[in-house]
Amino acid sequence: MIYSTRMLMFASVLVLGAGAPAAQANARTRVKFGNTIRRSPLTSRAFHSGSSQKKGSVLSRMINNRQALHPARVSPNEFTSLGAIIGGGALAYGLIAQSLESAGKSTTSSSSSSSASPVIIGNPTLKTMNQPTLNTGAALAQAEGKGSKRYAPKLNDLFQGNKKWSQEMMKNKPQLMDKLGKGQEPKIMWIGCSDSRVPENTISQMDPGEIFVVRNVANQVQLSDNSVMSAMQFAVGVLGVEDIVVCGHYGCGGCAASMSNNDHGAPLEQWIADIRNVYRMHQKELDAITDDGDRQKRLIQLNTIEQCLNVLKSGPVQSKRAETGTHPRVHACIYDPATGILENLDVDFEKYMSGYRDIYDLSYAPKKMGLVGSIRSAVAA
């Protein structure tokens with residue numbers, strides 16, 4: 001890097017220096033009118049002599065060619081300006097590269113002298129930009145105590161905690177780990193909020209592989225959201241989950257944001273618009289609650305119930321329920337981070353949806369008919 005920088009700086013000096021003779025030649029440029037070509041002494045020899053034209057410099061031939069195309073317009077400062085621009089750019093690039101190199105060396109030396117040994121995420125110096133930005137597993141363990149370049153104590157805790165958890169699981173539940181290595185057979189699908197205070201496996205003390213999880217802001221089930229819908233289709237059609245839990249939680253930031261009149265910007269504003277629609281549908285009940293905290297809690301409950309209704313509206317769930325007659329069952333739950341209690345709202349969705357079946361129920365032909373048979377049946381009807 002240091003040699004290339006010096007070469008760039010040296011080349012820039014040469015280019016800048018080359019502009020001086022061109023400037024002197026242009027200063028002596030003779031201007032004639034009529035059919036006479038405008039040229040300097042530097043190019044006149046090449047123009048009048050055929051042999052010298054062949055042997056002339058590249059610069060002379062370039063000037064002659066330009067004069068042949070544009071005989072009346074040759075700027076006297078053209079070549080001086082061009083040389084100054086090229087030389088100045090090369091010089092600036094060289095100086096910047098040299099300063100960055102010095103900064104990289106300073107960062108490397110200060111980092112390697114530190115006594116801390118957290119996780120290595122990557123080397124910020126220019127010399128190692130092509131290295132991976134995150135080392136995990138065995139490579140991470142080997143990197144500890146070897147002059148880390150960036151410090152991320154929480155990320156270090158994450159990998160150290162995983163290492164401890166893995167050792168404990170392999171010791172205490174080796175059969176479970178072997179089972180998980182072969183596949184998953186969850187019976188519950190969890191649609192929850194992205195909030196870090198609601199870890200479904202932790203609050204339920206269930207093992208890995210028992211809950212199939214989708215999480216987003218304010219536990220939304222939007223039928224236009226391919227993420228949620230594809231996960232639901234896979235959970236119901238492939239994994240065969242029998243229960244779908246939609247879990248809201250008190251203190252939900254998404255619901256709180258929807259209760260304000262602020263424009264939160266795209267795409268968040270579009271996302272929480274559905275929660276505002278929930279408020280609109282239940283405005284009379286919510287406006288009757290005078291306490292702001294209690295009103296927000298009730299909105300969180302109603303939002304969770306409405307998302308359960310969206311689950312029941314979806315094609316994958318209706319198709320599976322038409323096939324089995326019983327499941328997947330849908331449950332609306334609320335988690336309280338302050339107490340750690342998960343509450344089942346015990347909503348009777350059959351009763352809840354009874355007045356809307358003509359709107360939302362989808363018709364599914366018997367499975368044995370297949371796609372072609374279903375189409376023929378629809379056409380015949």
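Tutor: Let's begin with Gln-301, which counts as buried because its relative accessibility is 16%, and the cut-off for buried is under 20%. Keep in mind as we go that this is a predicted model. Gln-301 sits in helix H14, which covers residues 292–313. Its side chain makes a polar contact of 2.9 Å with the side chain of Arg-298. Leaving aside residues up to four places away in sequence, Gln-301 touches Tyr-250, Ile-334 and Leu-345.

Now follow the chain to helix H15, residues 315–324. H14 and H15 pack with their axes 5 Å apart, at an angle of about 65°. On the H14 side, the residues that meet H15 are Val-311, Leu-312 and Lys-313; on the H15 side, they are Gly-315, Val-317, Gln-318 and Arg-321. By type, the residues of this contact divide into three nonpolar, two polar and two charged.

Within H15, the buried residues are Val-317, Gln-318 and Lys-320. Looking down the axis of H15, you would find these buried residues within an arc of 165°, so they line one face of the helix. What lies over them? The cover for the buried residues of H15 includes H14, along with helix H10 (226–239), strand E3 (243–249) and helix H17 (357–360). After H15 comes Gly-325, with a positive phi near 85°.

In one of them, Phe-212 and Phe-234 are tilted, with 5.8 Å from centre to centre and 45° between the planes. Phe-212 belongs to strand E2 (residues 211–216) and Phe-234 to helix H10, so this pair ties together parts that are 22 residues apart in sequence. Phe-212 is buried, since its relative accessible area is 15%, whereas Phe-234 counts as partly exposed at 34% relative accessibility.

Tyr-356 and Tyr-360 also form a tilted aromatic pair, with 6.5 Å centre to centre and 55° between the planes. Here Tyr-356 is partly exposed, with a relative accessibility of 42%, and Tyr-360 is partly exposed as well, at 29%.

Note on methods. Residues are numbered from 1 along each chain as its sequence is written. This is a predicted model: local features need pLDDT of at least 70, side-chain atom pairs count only at pLDDT 80 or more; totals for chains, interfaces and linings use all residues. Side-chain values use heavy atoms; hydrogens and water are left out. Helices (H or I, at least four residues) and strands (E, at least two) are DSSP runs, numbered from the N terminus. Buried means under 20% relative accessible area, exposed over 50%, partly exposed in between (1.4 Å probe, protein chains only). A polar contact is a pair of N or O atoms within 3.5 Å; within protein, one must be able to donate a hydrogen and the other to accept it, and residues adjacent in sequence count only if both atoms are side-chain atoms. Contact means heavy atoms within 4.5 Å. The arc is that of the directions from the helix axis to the C-beta atoms. Axes are lines fitted to C-alpha atoms, for helices over the stretch in contact, and angles run from 0 to 180 degrees between N-to-C directions. Ala, Val, Leu, Ile, Met, Phe, Trp, Tyr, Cys and Pro count as nonpolar, Asp, Glu, Lys and Arg as charged, and the others, Gly among them, as polar. Rings of Phe, Tyr and Trp (its six-membered ring) pair if their centres lie within 6.5 Å; planes under 30 degrees apart count as stacked, over 60 as edge-to-face and the rest as tilted.
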